[in-house]
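Hi everyone, thanks for having me. Please open the structure on your screens, and we'll walk through it together.

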Protein chains: 2
Amino acid sequence: MGGDTGPAAVVAGCAQAAQENPGIGLILHGPAEELARLVAKRKGLAERCEIRDCDGVVTMDAKPSYVMRHGKGTSMWSAIDAVRAGEAQVCVSCGNTGALMAVSMLRLRKLEGINRPAIACLWPSRNPGGFNIMLDVGADIRADEDDLLQYALMGTSYARNGLGLVHPRIGLLNVGTEEHKGRAELKVANDLIGAAAHAGEFDYVGFVEGGDIPSDRVDVIITDGFTGNIALKTAEGTATLVRELLRKAFAATPFARIAALLAYTSLRRLGKRIDPRRVNGGVFLGLNGTVVKSHGSADATGISAAIGLASKLAQSNFSERLAARVASASLARQDDAQQGAVSGKQE
Amino acid sequence: MGGDTGPAAVVAGCAQAAQENPGIGLILHGPAEELARLVAKRKGLAERCEIRDCDGVVTMDAKPSYVMRHGKGTSMWSAIDAVRAGEAQVCVSCGNTGALMAVSMLRLRKLEGINRPAIACLWPSRNPGGFNIMLDVGADIRADEDDLLQYALMGTSYARNGLGLVHPRIGLLNVGTEEHKGRAELKVANDLIGAAAHAGEFDYVGFVEGGDIPSDRVDVIITDGFTGNIALKTAEGTATLVRELLRKAFAATPFARIAALLAYTSLRRLGKRIDPRRVNGGVFLGLNGTVVKSHGSADATGISAAIGLASKLAQSNFSERLAARVASASLARQDDAQQGAVSGKQE
């Protein structure tokens, strides 16, 4: 209910997702009458949907702390509680990110061993699979060296289960690749992540720069939520600008308009590849349960992509696998502490 | 001498810039014999060039603090000293950014009233002029609320003299546009910059997000050098990826290859608009003298663009105008302090 585009776009996205993912069922949370009317307009959707009546809406400008205290009875709260109760396997929301994370932490609780949960996104890249992973892209504006190490472990798990990479390559985002560059916590995290690579079964490639995010020398990019959010929105803004300019270029001359027709299929494929709506869906990592955050301004295509991602993660039992990985890493670190040294022999 | 592409690319860029800017003269700094040989290969360049012999080179991995102590005798030091001595109006370098800023601060000194100098870059945008300005994109990884206010004043001056905007619109980069979002220093800077808008003769549009950097609702984007550097390199990386994918799309089918020929002129114009090389040149703001930092990996086209920007700034007496603006803002703030209130009546 709290997205920028309103419930009509969400229901349209549900209809699209239901067609593309024949195995899924949906629980919609919001004013029952309004939702039932919207669902009835989409052929075959009513049979796949259950509606949970609730009146409250978390608005985009609501403070997370306020929603944590007074959010019971909102559609957001109800959707997260469906995961908590085991009725839903994944929660998908287009609402206020800060509030969604706050209520998720309150109701689902952080995984044992995790200090700050993170939001991971998929990023179009030159790698064979077509995507890299970046986290955190906006769960928390801060991250210290220990948080960044946990992000590396969680990112490894997401890359393995979401992208099928057995031994993902992890990079730490910085303003240069030289070891002396960047903030103090990045230098410490550089050492911590490097030392954890063997036991965590990932490759650590060291510092990477903004230009490396879509590159094929790394699979997972680790950063704090402030920087990650700016980078993500900057890249989306750049891709959108280029798409606009491209459209204008193909309308500029009669020759160009003919060219656009001839290259239609190729350009359409390219357009899909760089369309931010097709990679819509940030995954909250580090909670007892999976939450997928769709863009606030997502349209039906974007919402359908987020639901598709949720379905994929539910099928791979991602939540359980991530929890197991974090738990084993915590045990490994306890072993390290007892031995008084980081040796990487524990696994 | 210290760029990634070596002196041959720099001399090729000088030759291109000399052709495009008939009024300029060049002073090249480096090993005289090597440079003379490279210059002699370019027709008509020798008459426009003076060579200053120096053997030392600041490498890309040199620590700024080391270069400040031991950098005398390097080509970088020599080039900056030519500005200090008034022999050159602008210094252009493709070298190590941190070292260039450190030596510039040491030899040119900060402007009275400026705490942290900044690097400003031009950013392709939807505005009529085609560009927005962003600063800081990498002079310093930190910026507190007072630094961000100074960046707003310096960015205003650059927008006025560089882009011809009488009343530029200033935005502060954050992870959301709501006033309660972001880091503590950003909330304070939001108030400070808003209060300075009237006296500083700019419009303050408040917080902007990564997606707004190329937008037409703002002319100048203010941020710290860590975030700005990541955003800049992320946008360049995204534009480069899209260009690659576009090239592949036009080679994919015979129809697409014909289309590429038909749309050649339009696509070439688009390619120029989003080519990072064409907007090459970060300007150091806040020093007694102008320094233009070109990309380390700039080729002849990029180096020529940086020299062209330097020529434009020299012709507009930018250094003197910026100094006058910062001085009058400092006086205004002193008046404020004496009156015990920020009223904006001082100008």
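How many Å separate the centres of domain 1 of chain A and domain 2 of chain A, taken over C-alpha atoms? The separation of those two centres is 24 Å.

A quick word on the background. This is a predicted model, where local features need pLDDT of at least 70 and side-chain atom pairs count only at pLDDT 80 or more, while totals for chains, interfaces and linings use all residues. Residues are numbered from 1 along each chain as its sequence is written, and chains are lettered from A and ligands numbered from 1 in the order in which they are written.

Now, the domains, whose bounds come from an automatic or database domain assignment. In chain A, domain 1 covers 1-109 + 287-316, and domain 2 covers 113-285 + 318-324. Where they meet, 21 residues of domain 1 of chain A and 15 residues of domain 2 of chain A take part in the contact (two residues are in contact if their C-beta atoms, placed from the backbone, lie within 7 Å).

On the side of domain 1 of chain A that touches domain 2 of chain A, two or more residues each come from α5 (97-108), β10 (290-293) and α11 (300-315) of chain A. Helices here are DSSP runs of H or I with at least four residues, strands are runs of E with at least two, and both are numbered from the N terminus. α11(A) gives the most to that side, with six residues.

Let's turn to the two chains. Here 51 residues of chain A are in contact with 51 residues of chain B. On the side of chain A that touches chain B, α8(A) gives the most, with 18 residues.
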